[in-house]
Amino acid sequence: MKRAVYPGSFDPVTFGHLDVIRRAADIFDVLIVSVLNNKEKSPLFSVEERVKILEEATKDIPNVQIDSFSGLLIDYAREKNLHVAVRGLRAITDFEYELQIAQTNRKLSNGNLDTMFLTTSLEYAYLSSSSVKEIASFGGDVSQCVPDFVAKKIYQKYGIIK
Ligand code: PNS
């Protein structure tokens with residue numbers, strides 16, 4: 001059984017993430033999408049909310065499971081017996097950061113955690129959770145960026161009635 005973890009902040013999940021999730025779920029038997037509980041960042045959505053949003057957004061993909069983790073990815077991966085992390089690359093600007101994380105994880109895990117990159121589909125290459133939140137916070141249209149139910153939840157957070 002080939003299993004992989006797709007870690008991330010997912011604050012909130014975008015069509016770009018969902019594109020990577022769908023494609024990774026086609027490659028692996030089980031894909032665990034795991035939300036990082038990052039105490040340093042001040043997220044718009046709590047971990048519980050992000051998990052619920054991901055569950056709803058991926059409910060039609062049977063081999064996707066949603067989870068969350070704190071601390072180091074390598075420790076989580078070891079506990080869950082996972083050896084592949086999936087990450088999306090939108091542009092060359094993502095590469096340096098992602099390469100550093102991937103090399104660090106491989107080194108720290110003594111080769112037990114490898115990273116597989118999927119290039120985000122071009123139509124989503126411009127998308128980021130941060131820009132979605134910024135657009136929505138000014139009442140802008142994010143319907144091309146996130147599923148409708150997610151857009152509603154973001155507007156609610158900013159007190160915007162649509
Ligand atoms: O969606 P993001 O915020 O780009 O995801 C970043 C993530 C969660 C993949 C990365 O920050 C991570 O794995 N953090 C957990 C802490 C860790 O393992 N750090 C060591 C890598 S240098």
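How many nonpolar, polar and charged residues does the shell around the ligand have? I began my notebook with this point. The model I looked at is a predicted one.

**Entry 1: the ligand shell**

I looked up the classes and found six nonpolar, four polar and two charged residues in the shell around the ligand. I then wrote down the names. Gly 8, Ser 9, Leu 36, Lys 41, Phe 69, Gly 71, Leu 72, Leu 73, Arg 87, Tyr 97, Ile 101 and Asn 105 surround the ligand.

I went through the ligand's oxygen atoms next. Arg 87 has a polar side-chain atom 2.9 Å from an oxygen atom of the ligand. I then looked up how much of the ligand is covered. The ligand taken alone exposes 560 Å², and the protein buries 75% of that.

**Entry 2: the loop between β1 and α1**

I moved on to the loop that runs between β1 (3-8) and α1 (15-27), where I found Pro 12. The peptide bond joining Asp 11 and Pro 12 is cis, with omega at about -5°. Phe 10 is also placed in the loop between β1 and α1. I wrote down its phi, which is near 50°, a positive value in a residue other than glycine. Is Phe 10 buried or exposed? Phe 10 counts as buried because its relative accessible area is 3%, and the cut-off for buried is under 20%.

**Entry 3: Asn 110**

I looked for another positive phi and found one at Asn 110, near 55°, again in a residue other than glycine. Asn 110 sits in the loop between α4 and β5 (114-119). With a relative accessibility of 70%, Asn 110 counts as exposed, since exposed means over 50%.

I picked Leu 89, which lies in strand β4, residues 84-89. Its relative accessibility is 13%, so I put Leu 89 down as buried. I then looked up a pair of C-alpha atoms. Leu 89 and Val 20 are 69 residues apart in sequence, and their C-alpha atoms are 9.3 Å apart in space.

Which helix holds Tyr 155? I found Tyr 155 in helix α6, residues 148-157. Tyr 155 is buried, with a relative accessible area of 7%. I noted a pair here too: Tyr 155 and Lys 133 are 22 residues apart in sequence and 8.9 Å apart from C-alpha to C-alpha.

**Entry 4: Met 1**

I ended with Met 1, in the segment before β1. The relative accessibility of Met 1 is 82%, so I wrote it down as exposed. How far apart in space are Met 1 and Cys 145, C-alpha to C-alpha? I found 33 Å in space for this pair, and 144 residues in sequence.

Conventions:
Residues are numbered from 1 along each chain as its sequence is written. This is a predicted model: local features need pLDDT of at least 70, side-chain atom pairs count only at pLDDT 80 or more; totals for chains, interfaces and linings use all residues. Side-chain values use heavy atoms; hydrogens and water are left out. A residue is near a molecule or strand if one of its heavy atoms lies within 4 Å of it. A polar contact is a pair of N or O atoms within 3.5 Å; within protein, one must be able to donate a hydrogen and the other to accept it, and residues adjacent in sequence count only if both atoms are side-chain atoms. Accessible areas come from the Shrake-Rupley method with a 1.4 Å probe; for residues, only the protein chains shown count as cover. Ala, Val, Leu, Ile, Met, Phe, Trp, Tyr, Cys and Pro count as nonpolar, Asp, Glu, Lys and Arg as charged, and the others, Gly among them, as polar. Helices (H or I, at least four residues) and strands (E, at least two) are DSSP runs, numbered from the N terminus. Buried means under 20% relative accessible area, exposed over 50%, partly exposed in between (1.4 Å probe, protein chains only).
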